[in-house]
Amino acid sequence: MLEIKLTEEEDELCKLLDQCTRQLKETEGIETSCRIAGGWLLGSQCNDIDIALENMMGVPFAERFVEYCRAVKTLDVKSVAKIESNPDQSKHLETARTSVMGIELDFVNLRSEEYAENSRIPTQVTFGTPLQDAIRRDITINALFYNVHSREVEDHTGKGLDDLRNGVIRTPLSPRETFTDDPLRVLRCIRFASRFGFTMVPELQEAAKDSAIQAALREKISRERVGEELDKMMGGRNPVLAIDLINSLSLYFSVFTVPESAHITLSGTPSSPQNALKAAMLLHVLTNPANTANTPFELPFPSLPAIHPLLLSDFAAPSSTSRRLYLASALTPYRELIYTQAKGKVRQAAEAVIREGLKLGAQHHYLDGIPALFAAAELVQRGVADFEAARFDKPERAWIGVLLREKNVHNHLAGSVWSISLLFALVQELTALWGDDAHALDVDAASRRIAAYNQFAARIEELDLPKAVDAKSILDGREVVKVLGAASPGPWTGQVLARVVEWQLEHPQGTKEECETWLRAEQAAGNISTAGGKRVKDGAADAKAKKAKR
């Protein structure tokens with residue numbers, strides 16, 4: 001029997017639920033029971049607890065529970081919020097939500113469902129028994145209930161506890177029936193397998209590979225729901241295993257796709273889905289080299305040299321950054337593809353997959369941050385190669401600093417940080433070395449590229465550049481206009497400010513006065529133009545330049 005250790009608050013919650021159901025029976029003749037379901041039983045850090053009710057809807061019970069807690073127990077309880085059913089978001093029945101003792105509660109009734117052939121929306125939802133509710137769930141370990149009255153775990157499928165002990169992912173009914181009823185459950189199986197490191201039973205894997213099931217996943221499931229599951233995988237315990245399972249079950253293009261309804265034509269065909277797994281594995285090896293053993297991947301983890309600590313200075317797992325990097329790695333097969341928008345603007349194919357195929361937006365900087373990572377990778381890879389060959393068109397410190405300050409390489413508004421851009425650029429370069437068909441990475445060649453990036457990072461550190469990346473220009477736009485005696489700012493202002501930043505990078509100890517002297521000298525030498533603005537006296541320029549961009 002699975003032992004559940006309750007916190008003081010959880011123990012008190014169970015007592016309240018039990019006492020409330022007793023009072024309902026005594027005062028109104030209503031008989032119901034409460035069971036805790038969902039991830040709480042599996043030890044996850046849940047923001048809420050799901051309460052499954054027998055023979056009673058969520059809202060009427062929740063209203064009585066709130067009244068009981070307030071009137072009888074004098075507890076501070078939030079009023080009930082009703083969440084309407086929304087089948088497209090996997091909410092087939094209305095849910096009642098409240099919170100007590102800092103625990104958020106969702107109440108819904110036990111149910112039985114029937115599905116039409118061409119829809120994942122149930123045609124009939126009725127009150128169900130605990131067994132009927134359990135067998136309609138995605139996997140057996142998710143079908144366990146905790147009875148708040150008996151304080152026991154209930155395993156109505158007869159397999160959930162054994163599967164939890166043995167590390168098995170299995171559907172309560174036949175996997176083909178479970179997936180036909182709701183194809184999204186294929187992805188939920190992958191998510192839980194990657195989260196716990198559990199093994200899918202062979203019949204589940206075969207059903208997941210079925211072409212009809214995969215077509216249903218592409219056609220019947222809203223892309224928002226696909227994106228939501230993938231987001232959870234990328235933020236889970238083992239995103240690499242999730243990508244591996246997606247690949248091994250031949251699901252890559254059912255998940256990472258641009259729907260026909262988006263009317264987008266890509267410039268070519270994506271490369272092998274294996275590149276998604278290779279990129280994710282390389283990211284894992286570089287960021288977590290101590291944790292690569294005994295993991296059931298299709299490919300062995302390569303043994304690589306350690307990377308410079310600067311490249312890991314802004315990486316943490318799990319975090320928004322790690323989610324973004326793993327999803328970007330998963331999109332590696334699309335890295336060289338583009339498409340053209342109606343107005344003629346060229347965009348990355350990866351952006352279309354994120355926006356149209358996964359319906360993911362600004363959360364974790366997916367939609368803005370991942371295209372920036374791919375754009376930065378090209379800049380950084382060329383930059384590291386030029387650094388190795390000492391091909392500088394300006395003094396070294398300024399040259400490196402300008403690269404690190406490029407908006408795709410370092411832009412907090414898009415979640416971009418220069419160190420992460422260097423890390424992802426290295427991942428992409430090593431993935432390209434691995435190749436589409438190679439089963440083993442050329443470790444010698446990879447080690448040479450890692451050494452090049454390490455030398456580049458070491459030079460960044462030696463030149464004390466990390467703190468210079470976010471440094472503001474020593475002169476702002478108003479001051480530049482005044483120093484150059486221009487009538488007003490214009491397109492030239494940004495170009496001059498860029499030159500000021502270069503001077504600042506080249507002269508880390510330089511003062512504002514020295515920069516102003518240099519700026520005037522450059523103007524006198526004809527190296528700086530304020531074309532589009534008239535030369536005036538300083539006082540007049542000062543009055544007209546108040547709105548200059550800083």
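Predicted model: local features only at pLDDT ≥ 70, side-chain atom pairs only at ≥ 80, totals over all residues.
Leaving aside its neighbours within four places in sequence, C515 is in contact with I474, L475, V500 and W503. C515 sits in helix α21, which covers residues 512–524. Its relative accessible area is 0%, so C515 is buried. One of its contacts, I474, is 41 residues away from C515 in sequence, yet the two C-alpha atoms are 7.9 Å apart in space.

Next comes a pair of helices. Two packed helices are described by the angle between their axes and the distance between the axes. For helix α6 (residues 184–196) and helix α10 (residues 239–248), the axes come within 8 Å and cross at roughly 140°. The crossing of α6 past α10 is right-handed. On the α6 side, the contact is made by I190, A193 and S194, while α10 brings in L241, A242, L245 and I246. Sorted by type, the residues of this contact of α6 with α10 come out as six nonpolar, one polar and no charged.

Charged side chains turn up elsewhere, and the model holds 34 salt bridges. One of them joins E54 and R35, whose side chains meet at 3.3 Å, N to O. This pair ties together distant parts of the chain: E54 lies in the loop between β2 (48–53) and α2 (58–71), R35 belongs to strand β1 (residues 34–37), and the two are 19 residues apart.

In another case, the side chains of D464 and K467 meet in a salt bridge at 3.2 Å, N to O. D464 has 38% relative accessibility and so counts as partly exposed. K467 reaches 62%, which means that it counts as exposed, since the mark for that is over 50%. Salt bridges can also link up into a network, as they do for R347, E351, R355, E356 and K359.

Finally, a look at the backbone. Most residues other than glycine have a negative phi, and most peptide bonds are trans. Which way does phi go at R151, positive or negative? R151 has a positive phi, near 60°, and is a residue other than glycine. R151 is found in the loop between β8 (145–147) and β9 (152–154). With 30% relative accessibility, R151 counts as partly exposed. A390 is another non-glycine residue with a positive phi, in this case near 55°. The place of A390 is also a loop, the one between α15 (366–388) and α16 (396–404).

Note on methods:
Residues numbered from 1 in each chain as written. Heavy atoms only, no water. Helix = DSSP H or I, 4+ residues; strand = E, 2+ residues; numbered from the N terminus. Buried < 20%, exposed > 50% of the residue type's maximum accessible area, 1.4 Å probe, protein only. Axes fitted to C-alpha atoms, helices over the stretch in contact; angles between N-to-C directions. Left-handed = near helix turned anticlockwise from the far one by under 90°. Contact = heavy atoms within 4.5 Å. Nonpolar A, V, L, I, M, F, W, Y, C, P; charged D, E, K, R; others polar. Salt bridge = Lys/Arg side-chain N within 4 Å of Asp/Glu carboxyl O.
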